[in-house]
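Visitor: I have a structure open and a few questions. Can you walk me through some of it?

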Amino acid sequence: MGDIVKVVVTLAMIAMILVIVAKKYYIPAAFLGLGFVVLMATALITGQSALGDSTTGNIFIDVFEVMANSITTSLGSTGLVIMVVMGYVGYMTHIKAAELFSILVAKPLRKIGHSEILLFAAFALVVIVKLAIPSEASEVTLLIATIFPIMIAVGISKETAASLFMVSGAIVWGPSNTLALTAFNAAGLENISIPVYFVTKEVIPVVCMAVTGAIAVIIVNKYFDKKEGVAVEKSQLPEFKDYRELGIPAFYAIFPVLPVFLMIIFSPIVQDHITISVVAANFMSFTLAFIIEAIRKRNLRQALSDTRALYEGMGKAFTGLVSILIGINVFSSALTQVGGLKVMANAFASIGGTGMAIAVVGCIAAFILVAVGSSISGTLPLFSSLYAGFAATENELINMSRMLIFGASLGSTINPIAPSTMIISGGCDVPVTTIIKRSLIPGIVCLATEMIICVLIP
């Protein structure tokens, strides 16, 4: 296929997915089916295997192996996190700890007269928690399970909450920023300390993005809430019940957020000797909650029976979100096989220019590439191409890398096929198109903010 055909096919695939999502077709099957058709068609037209050098020996069987690999990948990484987190949420709901947490936290917050204050605080919280949970998909899964119910209880629309998660979750930073490490290696900057880079190069732009991004989210979503008639009046909210009616101890309110606390405690924010994964943090919290439940009820049989909620929650997560991730992985493989995104990356990289102009163009290009469906790691060829044509000092390369990293990560604010997009859409019960519509302007505002800061403070 010619380069123009590759780009056209790629954009057509993205457009088809948006139409399918807007018309509310079953998303897992839509992603899987479209990805399968494109992979098979590409194999027939080009004669090239979807597995590349790892071919089974038959290009048709290779397509099904891609599907098998997608299932393995989905269950072994992000999918496992989602299943465990949602299983833990199911258990928290069953023992009424989730409801207790919502009552105790949301009741005083509802007395705050301006929802803008709560939105600003929520935006800042998501950005701060990213320091402990670098993975956007893992972070939004945890926060949707914990603070989303509170946002709804205090009168924030689910559409606004979804947009806030989308924009704030896209700001990548922290001492464990693996994307920065990969970008530096691509630039030949192998001796850069990520913790030092975090302190000296990331803090100022991220603080500025958090401020401008939060303001943009508030203004844009306030407009759409009013236009779409989804604004929530506090007078219409139901009264909170007395938490004592739940029949559980008040300290149970800590259990729903315990995994988040564990992730923060065992992270570079607090110390750098012990680390813990999202899955381990949730299982540790579940173990503690189960032991206390068994002691409180003095009935081991009943306590064991209650754990069924954990596995039921994991099962619902698989049919709801993980199945979508499987389809996305197949669809992403098809995008890669078509090659349109790579053509676009090379086109952006060949624009030329000198110094800061290349960095700005590269930043915008990275944003666009991710926005139209590329993964953040998929923009690394763009990084390498730009580095190759950019003779600069080490500090200029670091600043350029910083702009490219922020640009690529912010592109996920409007990426319709990113795993985090589907997690937010499913967790908040908001259509993907609605989330993208509400996140576009805040995402661009954050992009402009980081570029200005990086130019002014290299």
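This is a predicted model: local features need pLDDT of at least 70, side-chain atom pairs count only at pLDDT 80 or more; totals for chains, interfaces and linings use all residues.

Visitor: How many residues line the second largest pocket, and which lie nearest its centre?

Guide: The lining has 28 residues. Nearest the centre are Gly320, Leu321, Ser425, Gly426 and Gly427.

Visitor: Which elements give two or more residues to that lining?

Guide: Five helices are listed by range: H1 (3-22), H4 (78-94), H7 (136-146), H15 (308-338) and H20 (419-428). H15 gives the most, with eight residues.

Visitor: How do the lining residues divide into nonpolar, polar and charged?

Guide: There are 16 nonpolar residues, eight polar and four charged.

Visitor: Which residues of H3 are buried?

Guide: Asp62, Val63, Val66, Met67, Ser70 and Ser74.

Visitor: Where do those buried residues fall, seen down the axis of H3?

Guide: They fall within an arc of 150°, so they line one face of the helix. The face of H3 turned away from the buried side carries the exposed residues Thr72 and Gly76.

Visitor: What do the buried residues of H3 pack against?

Guide: They pack against helix H2 (27-46), H4 and H15. H15 also came up at the pocket, where it gives eight residues to the lining.

Visitor: And H5? How many residues, and what reach?

Guide: H5 runs over residues 97-109 and has 13 residues. Its reach is 18 Å from first C-alpha to last, close to the 18 Å expected at 1.5 Å a residue.

Visitor: Which residues of H5 are buried, and what covers them?

Guide: The buried residues are Ala97, Leu100, Phe101, Ser102, Ile103 and Ala106. Their cover includes H4, H7 and helix H8 (148-153).

Visitor: Back up a step in sequence. What is the phi of Lys96?

Guide: Phi is near 70° there, a positive value in a residue other than glycine. Most residues other than glycine have a negative phi. Lys96 is in the loop between H4 and H5.

Visitor: Is Lys96 buried, exposed or partly exposed?

Guide: Lys96 is partly exposed, with a relative accessible area of 37%.

Visitor: Now Arg298. What phi does it have, and where does it lie?

Guide: Arg298 has a positive phi of about 55°, although it is not a glycine. Arg298 lies in the loop between H13 and helix H14 (300-306). At 78% relative accessibility, Arg298 counts as exposed, because the cut-off for exposed is over 50%.

Visitor: Serines next. Where is Ser285, and is it buried or exposed?

Guide: Ser285 is in helix H13, residues 278-297. Its relative accessibility is 0%, so Ser285 counts as buried.

Visitor: What is Ser285 in contact with, leaving aside neighbours within four places in sequence?

Guide: Tyr88, Leu258, Pro259 and Leu262.

Visitor: Last one, Ser115. Which helix is it in?

Guide: Ser115 lies in helix H6, residues 115-129. At 30% relative accessibility, Ser115 counts as partly exposed. The C-alpha atoms of Ser115 and Lys234 are separated by 10 Å, and these two residues are 119 residues apart along the chain.

Key:
Residues are numbered from 1 along each chain as its sequence is written. Side-chain values use heavy atoms; hydrogens and water are left out. On a 1 Å grid over the protein atoms alone, a cavity is a set of points where a 1.4 Å probe fits but cannot get out, and a pocket is an open set with protein on both sides within 12 Å along at least five of seven lines; lining residues have an atom within 4 Å of a point. Helices (H or I, at least four residues) and strands (E, at least two) are DSSP runs, numbered from the N terminus. Ala, Val, Leu, Ile, Met, Phe, Trp, Tyr, Cys and Pro count as nonpolar, Asp, Glu, Lys and Arg as charged, and the others, Gly among them, as polar. The expected span of a helix is 1.5 Å times one less than its number of residues. Buried means under 20% relative accessible area, exposed over 50%, partly exposed in between (1.4 Å probe, protein chains only). Contact means heavy atoms within 4.5 Å. The arc is that of the directions from the helix axis to the C-beta atoms.
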